Amino acid sequence: MRVVRVVPDVAGIAKEFDYLVPPELSDQVRVGTSVRVALGSRRVAGWVVTDEVEQPAGMSLRPLLAVRGWGPPPAVVELCRWAAWRWAGPLCRLLATASAPTLVRSLPPAASTGGPPETTSPMGPVAELAEEALAGGGVAVVRLAPAHDSFPLVEAVLSAAVAGSGAGVLVVVPARQVADELAGRLRRRGASVALLPEQWASARSGGVVAVGTRAAALAPLPSLSAAVVLDAHDQAYHEERAPTWTAWQVVAERARRQAVPCWLVSSCPTLELLEAGRLVAPSRRQERAGWPTVEVVDRRGDDPRRGLYSEPLVRLLRWAAGAEGRRVLCVLNRRGRARLLACQPCGELARCARCGAALSEGRDERTLVCAHCGAQRPRVCARCGSARLRVLRVGVSRAREELEALAGTFVAEVTAESGDAGAVPEARVVVGTEAVLHRVRRADAVAFLDLDAELLAPRLGAAEQALALLARAARVVAASGATAADATGAVEAAGEARAERAPGRLLLQTRVPDHPVVKAALLADPSLVPAAEAPVRAELRLPPVTACALVSGQAAAAYGPALAESAGPGVEVLGPVDGTWSVRAPDHRSLSDLLAAVPRPPGRLRVEVDPVRG
Ligand SMILES: [Zn+2]
Ligand SMILES: [Zn+2]
């Protein structure tokens, strides 16, 4: 009798179980198939993960109860197994993500790709990048300036990959709206597209371009000829629930396994991305042409009591108020903000000398402490030695009314909670959290009222995320088509290179004008941020120099010490701090092997590999 191994869809059960395949179900059962089985006294759903299992002698096995429908193909089941090991989480969670949203009983015929779609995009800087990326094969990190359209890259992958192979192409994007638009553009070019998750069945049949967000990394294409991840730096690719997997890493592994090209496209590649493949970057001239003009307003000289509004900002607001059709967005995040201390005489912000994060006041009145790396120093200004430091008070709640008073025009407000894009009125000035950069599609200029709260936030990757925010804003202003000169208002641009820049303008209010993020935007050179981050990560032994995991929950009290006992050379298990243990290993293999080897005690346990916080 044929025996298969099944992973039950029950998160608390990490085991696999063997079942007999009844002859009447035999043709429908293969690796990946969704089945129903008896488990103890329960009937549960599950997936076949191994076929033709050798039957143990003297064991009486129970039969499969039913076939529920199609599941992921064998290559994706194996990929899920890898991801479950890599992020130390239950395999069933990943198999569920890889499965159809509703049961699929039969598949449509496989698409015949009918040759590559017609390429109509003009040859240009992006086509040159594509050529260089294709030439090398393997995983490439393709740096594309924010104002430049990524569609010609996707077309180039398609025409190179599809040619006659019958295998599918995977395109993963950070947001649903982007997926919808991209699918539409590809269809107009004649490509067979499966938009995930709803067209799961056509992707499972194969031969299509599968397009979707994070979960599409596990799209059920039976075979792959190429893969692309757009805006690979986007935080949306990180799953927050355990297993805390990252979509672009899964796509890169998938492409490596099938030995097909994979492009991770980003205007501001992070250190993690840069480790994943070879960098393909545009020429300096081309990259400058893809970033807007950036104006840096150094606020160190301003009276801290002046609050959020510098003179250049006020001029920009009045320019926007001055005529119909103009629009300025003001970004002011409310959550995850650093509390900033500024020196009263010289305006310098109190920053950690080790990691660069904002310092806050310690328990006694003479010390400053870093919430990110724990460093401490005396409570004096590092620049002028003055002890007169004061907390910058940012009147976030009143920002809208204050901006309205300064601009002399109606100011609309957008937050993550405030309705959809259609609800944003045609206001000339809009203020909001970074959500405003997702809701409003076009603006002449974006002003960051308090960039320092992003730059100096005491968390891993704060600088990279701040640059990503500026890149996002750069894309919004590029869509305006306004020339830099149009959007300057009374602001005098730094005459240098204005004509070489993309449309629109960014205005950055900061007390850290030399910060690598500010310089990267100003010079349109995103490589400055990872170059500055790398030595800090090495010094503090933070990812990607090491591999980290956080272990929390009631069962961590038993699991943490058990990990410490089994930890090999170079692996540290620290804690507990507020019930959380932290595991740091020299690489992912030793981290994941350790987490897999130590049996998990019963009770609630959260294992977060590559923690985003921390
Ligand atoms: Zn620090
Ligand atoms: Zn000072």
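What arrangement do the four donor atoms around the zinc ion (ligand 2) make? They subtend angles of 103 to 123 degrees, so the arrangement is tetrahedral. For four donors, that label requires all angles to lie between 85 and 135 degrees.

Before going on, some ground rules. This is a predicted model, in which local features need pLDDT of at least 70 and side-chain atom pairs count only at pLDDT 80 or more, while totals for chains, interfaces and linings use all residues. Residues are numbered from 1 along each chain as its sequence is written, chains are lettered from A and ligands numbered from 1 in the order in which they are written, and side-chain values use heavy atoms, with hydrogens and water left out.

Back to ligand 2, then. Its protein donors are the SG atoms of C343, C346, C381 and C384, lying 2.2 to 2.4 Å from the zinc ion. A donor here is an N, O or S atom within 2.8 Å of the metal (3.2 Å for Na, K and Ca), and since water is not among the atoms, sites may look incomplete. Along the sequence, the donor residues are spaced C-x2-C-x34-C-x2-C. C346 sits in the loop between strand 15 and strand 16, and C384 in the loop between strand 18 (376–378) and strand 19 (389–391), so this pair ties together parts that are 38 residues apart in sequence. Strands are DSSP runs of E with at least two residues, helices are runs of H or I with at least four, and both are numbered from the N terminus. With a relative accessible area of 17%, C346 is buried, whereas C384, with 41%, is partly exposed. Buried means under 20%, exposed over 50%, and partly exposed in between (1.4 Å probe, protein chains only).

Now for the zinc ion called ligand 1. C352, C355, C370 and C373 coordinate it through their SG atoms, at 2.3 to 2.4 Å. The spacing of these donors reads C-x2-C-x14-C-x2-C. Within this set, C355 in the loop between strand 15 (341–343) and strand 16 (359–361) pairs with C370 in strand 17 (residues 367–370), linking distant parts of the chain, 15 residues apart. C355 counts as buried because its relative accessibility is 16%, and C370 counts as buried at 4%.

Finally, look at R299, in the loop between strand 13 (292–298) and helix 10 (311–321). R299 is buried, with a relative accessible area of 3%. Its side chain makes a polar contact of 3.0 Å with that of D302. A polar contact is a pair of N or O atoms within 3.5 Å; within protein, one must be able to donate a hydrogen and the other to accept it, and residues adjacent in sequence count only if both atoms are side-chain atoms.

How values were computed:
Four donors count as tetrahedral if all angles lie between 85 and 135 degrees; four count as square planar and six as octahedral if opposite donors are over 155 degrees apart and all others between 65 and 115; anything else is irregular.
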